[in-house]
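Work through the exercises below with the structure open. Try each task before you read its solution.

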Amino acid sequence: MATKKKFNLDALFTPNNTNFEMVQVLDAEGKVVNPDLVPDLSDDELVELMTDMVWSRILHERSTALNRQGRLGFYAPTAGQEASQLASIKAIEKEDVLLPGYRDVPQLVKHGLPLSQAFLWSRGHVAGNMYPESLKALPPQIIIGAQYVQAAGVALGLQKRGKKNVAVTYTGDGGSSQGDFYEGINYAGAYKSPAIFFIQNNGWAISTPRELQTAAPTLAQKAVAAGIPGIQVDGMDPLAVYAVTKKAREYAVAGNGPVLIETICFRYGPHTLSGDDPTRYQPEGIQDEWAKKDPLIRFRNYLTAKGLWSEEKENEVIEATKEEIKEAIKEADKQPKQKVSFFLETMFEEPTNVIKEQIEHFKAKENK
Ligand SMILES: Cc1ncc(C[n+]2csc(CCOP(=O)(O)OP(=O)(O)O)c2C)c(N)n1
């Protein structure tokens with residue numbers, strides 16, 4: 001029997017909130033521990049959320065394989081962060097503006113970026129950054145924390161235009177030590193701009209453990225200095241992440257200002273596929289410990305008990321995802337090899353004189 005725990009979510013959404021206890025709806029077995037917080041999702045929406053998380057896990061596995069075959073470039077593993085990533089983006093509207101970090105490609109694709117373009121971005125091809133007009137997003141940020149400052153600016157812009165939308169951004173536990181992090185939350189707080197700031201606390205910033213990152217007991221409490229609500233949520237629990245994000249969106253759109261959300265999660269793989277080895281900096285057995293809290297396992301259990309999910313259904317999703325990835329890679333392969341002149345031509349709407357000279361220089365070389 002799961003324990004019944006009363007949690008008042010409304011009380012957390014105040015600028016002077018000092019309760020940073022981790023919000024949870026489903027425990028590791030997929031049992032409801034906070035019935036009051038179960039979000040109002042239809043059966044179809046619940047199935048969609050599970051489908052998105054399975055999609056993301058398969059995308060991670062295939063991206064890892066494609067990277068090792070030399071068919072993708074930069075890749076930052078996402079396995080373990082599915083609830084944190086896919087449940088948060090599910091609570092966000094298409095007209096909201098997404099400012100992702102390098103690990104947030106799944107959210108970007110779910111927000112509308114064609115997968116083939118995500119692959120081109122991974123290859124460093126500028127065509128990966130040429131977004132369709134309808135996509136309200138910036139390309140993934142590599143400079144850690146920088147997207148927080150940009151999100152504060154985008155949120156202010158939305159506010160000034162009277163839009164009922166939010167700017168949504170993500171960084172990691174490491175990113176929460178950056179100057180940009182504090183500037184971003186402070187600025188948005190001062191203007192009461194509609195921004196949702198996520199810290200995906202996956203335990204390590206490359207090899208630096210969370211305990212060495214800061215003396216602060218939680219990362220959510222950093223919100224206090226900015227005078228905005230800070231909430232810690234179980235990032236392995238899709239229903240908790242969804243419920244808190246949905247509430248944060250309502251709070252921000254209503255004109256109350258930004259919210260900071262810390263999701264407690266884990267990345268199973270290395271930091272990126274560029275060469276770090278987690279066995280050299282993580283304690284032995286930690287991967288297995290976190291695997292017991294896996295977001296897919298708990299949500300699968302929850303949905304199976306409701307009669308909404310089955311092994312057969314999951315296999316269908318897996319096969320469809322593999323097919324989608326195959327097609328997207330084919331599409332990405334059609335893109336002509338990037339030329340330096342093309343890269344320069346797409347840098348500004350109107351190239352500066354210096355860039356114009358460089359374009360001519362490289363075109364002459366490329367035509368030889
Ligand atoms: C301003 C800046 N400093 C250093 C780096 C190098 N760097 C890339 S990722 C990273 C660690 C980030 O860790 P965290 O914010 O916890 O996010 P995670 O990668 O775990 O999702 C560092 C130091 C960078 N990209 N930008």
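**Exercise 1. Is Ile206 buried, partly exposed or exposed?**

Solution. Start with the ground rules. This is a predicted model, where local features need pLDDT of at least 70, side-chain atom pairs count only at pLDDT 80 or more, and totals for chains, interfaces and linings use all residues. Residues are numbered from 1 along each chain as its sequence is written.

Step 1: recall the cut-offs. A residue is buried if 20 or more other C-beta atoms lie within 10 Å of its own, exposed if 12 or fewer, and partly exposed in between; the C-beta atoms are placed from the backbone.

Step 2: count. Ile206 has 12 other C-beta atoms within 10 Å, so Ile206 is exposed.

Step 3: locate the residue. Ile206 sits in the loop between β4 and β5 (208–209). Helices (H or I, at least four residues) and strands (E, at least two) are DSSP runs, numbered from the N terminus.

Step 4: check the backbone. The phi of Ile206 is positive, near 50°, in a residue other than glycine.

**Exercise 2. Classify Lys192 in the same way.**

Solution. Step 1: count. Lys192 has 18 other C-beta atoms within 10 Å, so Lys192 is partly exposed.

Step 1: locate. Lys192 belongs to the loop between α7 (179–191) and β3.

Step 2: check phi. Lys192 is not a glycine, yet its phi is positive, near 50°.

**Exercise 3. How many residues of helix α5 are buried?**

Solution. Step 1: count. In helix α5 (residues 115–122), eight of the eight residues are buried, so the helix is largely enclosed by the rest of the structure.

Step 1: name some. Among them are Leu115, Phe119 and Trp121.

Step 2: find the partners. The buried residues of α5 pack against α4 (105–111) and α13 (311–333).

Step 3: look past the end. Gly124 follows α5, and its phi is positive, near 80°.

**Exercise 4. Which residues have the most contacts inside the largest nonpolar core?**

Solution. Step 1: define. A nonpolar core is a set of buried Ala, Val, Leu, Ile, Met, Phe, Trp, Tyr and Cys residues joined through C-beta atoms within 7 Å.

Step 1: read off. The largest core holds 85 residues, and Ala167, Ala195 and Ile196 have the most contacts inside it. Helix α10 (residues 238–256) gives the most to this core: nine residues.

Step 2: zoom in. Beyond residues up to four places away in sequence, the contacts of Ile196 include Val166, Val168, Ala248 and Ile261.

Note on methods: Two residues are in contact if their C-beta atoms, placed from the backbone, lie within 7 Å.
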